[in-house]
Structure formats: structure tokens, C-alpha cells
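Open the model in your viewer and keep the selection tool at hand. We will go from one stop to the next.

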Amino acid sequence: MGLRKVAVVGAGMTQFVRRAQETPKELAFKATRAALDSCELSIQDIDAICLGTAPDTFDGIHMNGEYLSDGVGALGKPYIRSYVGGGTGVFVPIQGWYHVASGLFDLVLVVAEEKMSSYYPHPQGAFLTIFDHTTERPLKPNLLWIFALEMNRYMATYGISKEDIAQVSVLHKRNAADHPAALLGDKKITVQDVLNSEVLAWPVQRLDVSPVSDGAVAIVLAAEHVARRITDKPIWIEGVGWSLDTAYWTNRDLAYPRYVEVAAKMAYEMAGIKEPRKEIHIAEPYDPFDYKALHHLEGLQLADRGKAIELYLNGSAKRDGNLPICPSGGLLGVGNPIAAAGLMKIAELFWQLRGEADGRQIPGSPQKGIAQAWGDLMQVGTVVIMGK
Amino acid sequence: MYPFHHPFDRPVHYEGLFPVTNRYTYGIASEKFFRALKEEGIILGTHCPHCDKLYVPGTIFCETCLSELEDWRAVDNVGRVDTFTVLYKNLDGTYRTEPEIVAFIRLGDGGLVHRLAEIDPKSVLIGMQVAAVFKPPEERTGNILDIRYFKPV
Ligand SMILES: [Zn+2]
């Protein structure tokens, strides 16, 4: 296709917290500074900047991309903000990738930021206005109960129990206990804790859901010839994919995320991966809810339909298993500042593949990883495959 | 025909609401800036030693070189009018009883957009020196309106 190779050469992030003192701009600055420092670059070295942040309503500033621009060093540089809802955190590195792959820029900074705590009394309120104003909004829908409907459909289609699904939350939150930036890591959490947590919208209970969070993440992308000057451990972006399902959630298969399948197949083809279950060594599927990780693993073709839960039940999903899943701790454990959470997964693959994940490190020198996010009107799949 | 016949000459409509309420943190820089405004009646900036630039209000980073800024400095409460406008109408289209003067006042390498008062609108000049007039300490709340307005020196 005439595309250049693109590497991730640096990454940094802020702590994910429930309510940050920093402004959104200050959070974005701190992640940016950390990413530049990690590869010893200054902002003058950067050719262009891609920023991802979810709805303006969270940060409470209309035209939030423009507001954040000085915090990420965009002054006088080509700059663009992307927003595909929850999918943003894995879309913005794709946008950064084509900035470099196209030959237009050699060094691109990619930043994702979210400060959900500004929206008051609860950020779910931001979602009251994403639904159809006549057919749905009179019922005051929010994402919790929309996904309760989807979870119930998924459980019923394949006969999966809540006890089994709770294993996802347990593994991710336990993994997060080893992540220094995590909000909800808990080494001691059990399935019983999840099943005993308060019911929000049945079958969704408190510990089935990721927490509202504030945070920012940044990575640095480089063209091959520049990457080799910056580091002897570049991590390549080998495949990218993204796809939209129908805008109307009632028109899609609630038990299977076709939008993830299409995006994943695009990424696998680009990466030359024919047998993902053998060739992918780490998976960071999007896990705002525990059942969603299972849903997405199936869309990513890493498990048969209705069978992803077996990866958790047979131990494959653990860090020392055959297919470690969310070794970071995921959204369920590290936290879910929307756009930043997706880019955190990309940063995790970067650290894991370089062998720099400290207490979270997967044994055996993993070669390839996949990260995925999901968003827009619950219809977009965004996928990135990375390798050494 | 379209199924919704309506007796009036307009489309059938549906009332909706787009509710957005926020609770902002001041942030690291602004909290320091507004505490100083409220408690000491001073305007704080931060200086970038690499770019020799004095940001007012102070920020925790330099937008040019992206260094972290730690050198907080009180700036003079007197600045110069960089530009101004005179407001004659309200948002609802009614005329104001008194025109209001709004100016950008240069302080350090930054400045504040604020009100000008104690001067006839016809006498305002670009480049004139103006000083901040603070509310009395007990009335200040950590708000940009703790400065009531700027007035000619
Ligand atoms: Zn500077």
C-alpha cells in the first residue's frame, strides 16, 4: 500500500483517579510531559499532534479539543482532535499512525484525556442526550440500563451465568493491583464480592462496571528511520482497523459485536495474521463492563461465540496463561477515563512488549498484542495490533 | 400525504432539554491564582526561564517549550489597555441603561479580559494605564469578579 512502518517509542500517563484536582488541560500536560520524557524528546521535536477526548460535556468545555491544545504542546503545529466516543482511545493512535504511515510526518504525539468528574451530579447524565429524542429519551435511558439489556441478551443467548461473568471483573481488578496508576486494584476481590455488590440495573451490579475516572495518557509515534535513532526497542504498529455498525442499537445483534469483527479482520489482514489465537500473545479488549470483555474477545476472533468465558475459567486469561487478557487491569481495575482508558491499553502493550511492565510483566517474551475499544452510539470497533 | 396534519403552519414538534451541569475544580494553577486573589489581593503569574515569558494568569506549564513552571511571581496590579469595546445592548436585544466597557488588560506577557469603570467610554484610550480595583477582603470568594473592575491610574 506504500505505507511507512510506524513505531511507538515512548509512553506516559497520569494516575487514574476519581476526582483530579488538575484541570483537563493540566492532566493532558502531565501525560504529555511523561511521554516525551520517557523517550528523551522535547516538544520541538514533534511534527504534529493527535488528541482524543470523548464528549465535551464531561470536561464541561465546549470545543474541548481546542481548549486542551496548549496543554499538549500544539502551539504552532498541525493538530487534530478525534472523537469516536468510547472508541476514541484506540482510534487516536490509529489517526496518529496514518499521520506517520502516510509520509506526512516523522514524529507524532498522541494524547487522550478525560475528566469525567466535572459533569455533575453524575457523568451518566451526559448520555441522556445521545438517544433519539422522540422514541427513546422520554424513557430517560442511560448506558447502564442499555448495557444491562445487552448483557442479559448475551447471557441468555449462550447460557452464561453471572457467577462466571464475575470472574472477568475479579481477574481484571486483581491485575490492576499491580498497576501503579490504578484506581480500583484489589488483590483480594472474589466472585462473591461482585455478586454481593449493589444491583444497578439487573443483571449489572456495581462491581460489574468500571468506575468513573479522571486521567490522561500519551504516546509518541515515529517513522522507522527516526524510531531507530530514538530507541533500540521500538514497538511496531502492525495492523489497525475500525468499523461502524448501525447507529440504531436495536438493529444490531446484541449477542455478538460485528463492529469488532470487521475492525479486527481489517487489522489482522494488515498485520499478516492468519491464526489470531496462536499469533496474539496479549489481548487488551475493551472492558467497561465485565461481560463486554467476553463480547469483544469473541468479536476479535480470540474465542468462539459464547465461549470467551472459558479463557477465564481455564486460567488462559491470567498473566501466566496461554492468552493473558487485560494484564494492565483494564478499565474495570485501572479505571475508565473514557478516551484515556483506551490509550492506556496501547501503553500497556508497549510496556509489555518491551519487557518494562514491572510487576505486571507477562513471562516468556510476548511478541504480539492486540488492543481494542468500542464506542460511538455503542457501534464502533477500533483495533490496534502491536509487535516487536 | 405526510401523516401528521397540523392545524398550524409549522411542523409538529416535541419539547426537549439538553441538561448540562458542572462542578469544576480550579486546577493546580488556578487554585493558587484565585487563593492569592482572594486572600492577598494580588495577581499571580508564572515565569518560564527558557522562554523568558511571564504567563498571567499563572499556569503550570509553558505552552511554547512545555516545561513545568514553578516560578510564581506577583505582577503589578496596573496594566495597559491592549484593546477595548463598549457594550450598548443586552443579549435579549434591549438597550443597556449604562454602556459597559470591556477591555483586554495586558499584564506581564498575558493579561485579563475585564471591565473598565470610573471613566467615560469616550475617554478610553488603547495603551492607557489601568489598575485593578478589588472588592473588600470579606466579600471576596475566589472568583475573577473579586476584581470589581479596572480603573484609570
Ligand atoms: Zn518555555
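Start where chain A and chain B meet: 11 residue pairs are in polar contact across this interface, both residues at pLDDT 80 or more. A polar contact is a pair of N or O atoms within 3.5 Å; within protein, one must be able to donate a hydrogen and the other to accept it, and residues adjacent in sequence count only if both atoms are side-chain atoms.

This is a predicted model: local features need pLDDT of at least 70, side-chain atom pairs count only at pLDDT 80 or more, and totals for chains, interfaces and linings use all residues. Residues are numbered from 1 along each chain as its sequence is written, chains are lettered from A and ligands numbered from 1 in the order written, and side-chain values use heavy atoms, without hydrogens and water.

Then pick Q21(A), F29(A) and Y120(A): they supply 23% of the area that chain A buries against chain B, more than any other three residues. Buried area is the accessible area (1.4 Å probe) that two parts lose on being put together, summed over both.

Last stop: the cysteines. The whole structure has 0 disulfides, meaning pairs of cysteine sulfur atoms within 2.5 Å. Select C50(A): the nearest cysteine sulfur, in C39(A), is 15 Å away.
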